[in-house]
Amino acid sequence: MCFWQNYPLYIRSVPTQNELKFHYTVHTSLDVVEEKISAVGKALGDQRELYLGLLYPTEDYKVYGYVTNSKVKFVIVVDSSNTSLRDNEIRSMFRKLHNSFTDVMCNPFHNPGDTIQSKAFDGIVSGMMVQTA
Amino acid sequence: MADEAPFQLLHSEVIQYIYKSAEGETESGRNVTKLENIGFRVGQGLIERMTKDTARFKDELDIMKFICKDFWTCVFKKQIDNLRTNHQGIYVLQDNKFGLLSHLSVGKQYLEHAPKYLAFTCGLVRGALSNLGVKSIVTSEVSVMPSCKFQVMIQKA
């Protein structure tokens with residue numbers, strides 16, 4: 001899921017039932033992201049990375065966050081039962097998302113702030129979700 | 001980034017086109033606004049691509065330094081020569097040999113046409129800052145070509 005100024009730009013989930021639960025989880029995780037961003041300013045010697053890591057684990061699933069320099073936030077929610085996903089893989093997923101988001105922004109037919117309609121972006125996201133499902 | 005020459009030529013053509021298609025209308029200030037808005041959208045997309053791999057910015061001054069160094073180098077192949085600030089939200093970026101003006105003249109000739117050529121760049125900076133979360137107003141002034149100053153006024157919410 002992808003946020004700009006805390007408005008959702010894009011959301012996708014597999015399987016499609018429980019979608020409302022995912023919406024709720026993702027919105028609450030925004031607070032955690034905000035907390036992490038404002039905390040970085042006070043911690044000296046912090047690496048100032050874009051990847052925020054595991055936001056918080058619940059019994060059913062884990063939530064990962066990533067924020068870009070242009071204040072766009074990405075949130076990925078994965079099933080806890082899927083323990084085969086390592087940190088590196090999540091990082092590379094976020095990298096791919098960021099790359100395709102940059103392409104969407106550079107598209108002159110896309111206005112920043114609109115929901116993302118690009119088929120290419122859809123394709124990349126579907127490819128990632130099929131891999132992890 | 002692409003070579004300078006095609007960009008300069010395209011930029012001059014865009015300015016000519018906008019002015020020609022607005023011939024007969026009495027509002028000439030609109031052309032400058034159109035150019036600035038074009039620059040704004042380009043700035044937004046460009047900054048997204050450029051900040052993809054850089055570390056997060058600490059504060060406003062960090063952002064302005066990034067604009068002066070990396071951003072300017074990417075677009076104009078050189079850095080800003082002078083950055084001044086009053087630490088209260090006003091920054092002045094001075095470029096002594098501005099790429100888009102250097103082929104117009106050296107000195108005071110054609111001074112009255114200079115603002116047209118700076119409008120796109122003002123929009124570029126405003127778009128870049130806006131996507132980094134900084135609302136601003138960017139204006140430009142030219143006294144002796146090809147040196148020019150861009151004034152950035154940060155708007156506090």
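**Group meeting: a threonine, a helix and a sheet**

Okay, let me start with A:Thr102. If you skip its neighbours within four places in sequence, A:Thr102 is in contact with B:Glu48, B:Arg49 and B:Lys52. Bear in mind that this is a predicted model.

So where does that threonine sit? A:Thr102 belongs to helix α2 of chain A, residues 87-106. Buried or exposed? A:Thr102 is buried, with a relative accessible area of 0%. Its side chain also reaches back to the backbone oxygen of A:His98, at 2.7 Å.

Which of its residues are buried? Those are B:Gln8, B:His11, B:Ser12, B:Ile15 and B:Ile18. They cover an arc of only 130° around the axis, so they are on the same side of α1(B). Turn to the other side of α1(B) and you find B:Leu9, B:Leu10, B:Tyr17 and B:Lys20 exposed. As for the buried residues, what covers them includes α2 and α4 of chain B.

Now the strands. Take β2 of chain B, residues 90-95: five of its six residues are buried, so this strand is largely enclosed by the rest of the structure. What does β2(B) pair with? One partner is β1(B), residues 82-85, which runs antiparallel to β2(B) and is joined to it by four bridges. B:Arg84, for instance, has B:Val92 as its bridge partner in β2(B). These two strands make a hairpin with four residues between them, and B:His87 in the turn has a positive phi of about 55°. Then there's β4(B), residues 148-154, also antiparallel to β2(B), with six bridges joining them. Here B:Ile90 has B:Met153 as its bridge partner in β4(B).

Last topic, the packing. In soluble globular proteins, nonpolar side chains tend to be buried together. The largest nonpolar core here has 41 residues, and B:Phe71, B:Leu93, B:Phe98 and B:Val152 touch the most other members. At least two residues of this core come from each of α1, α2, α3, β2, α4 and β4 of chain B. Apart from it there's another core, of 18 residues, including A:Tyr64, A:Val78, A:Leu97 and A:Met128.

One more look at B:Val152. Beyond its neighbours within four places in sequence, B:Val152 has contacts that include B:Met64, B:Ile90, B:Leu93, B:Val125 and B:Leu129. That's it from me.

How values were computed:
Residues numbered from 1 in each chain as written. Chains lettered and ligands numbered in written order. Predicted model: local features only at pLDDT ≥ 70, side-chain atom pairs only at ≥ 80, totals over all residues. Heavy atoms only, no water. Buried < 20%, exposed > 50% of the residue type's maximum accessible area, 1.4 Å probe, protein only. Pairing = 2+ DSSP bridges. Core = buried A, V, L, I, M, F, W, Y, C linked by side-chain atoms within 4.5 Å. Contact = heavy atoms within 4.5 Å. Polar contact = N/O pair within 3.5 Å; in protein donor to acceptor, adjacent residues only side chain to side chain. Arc of directions from axis to C-beta.
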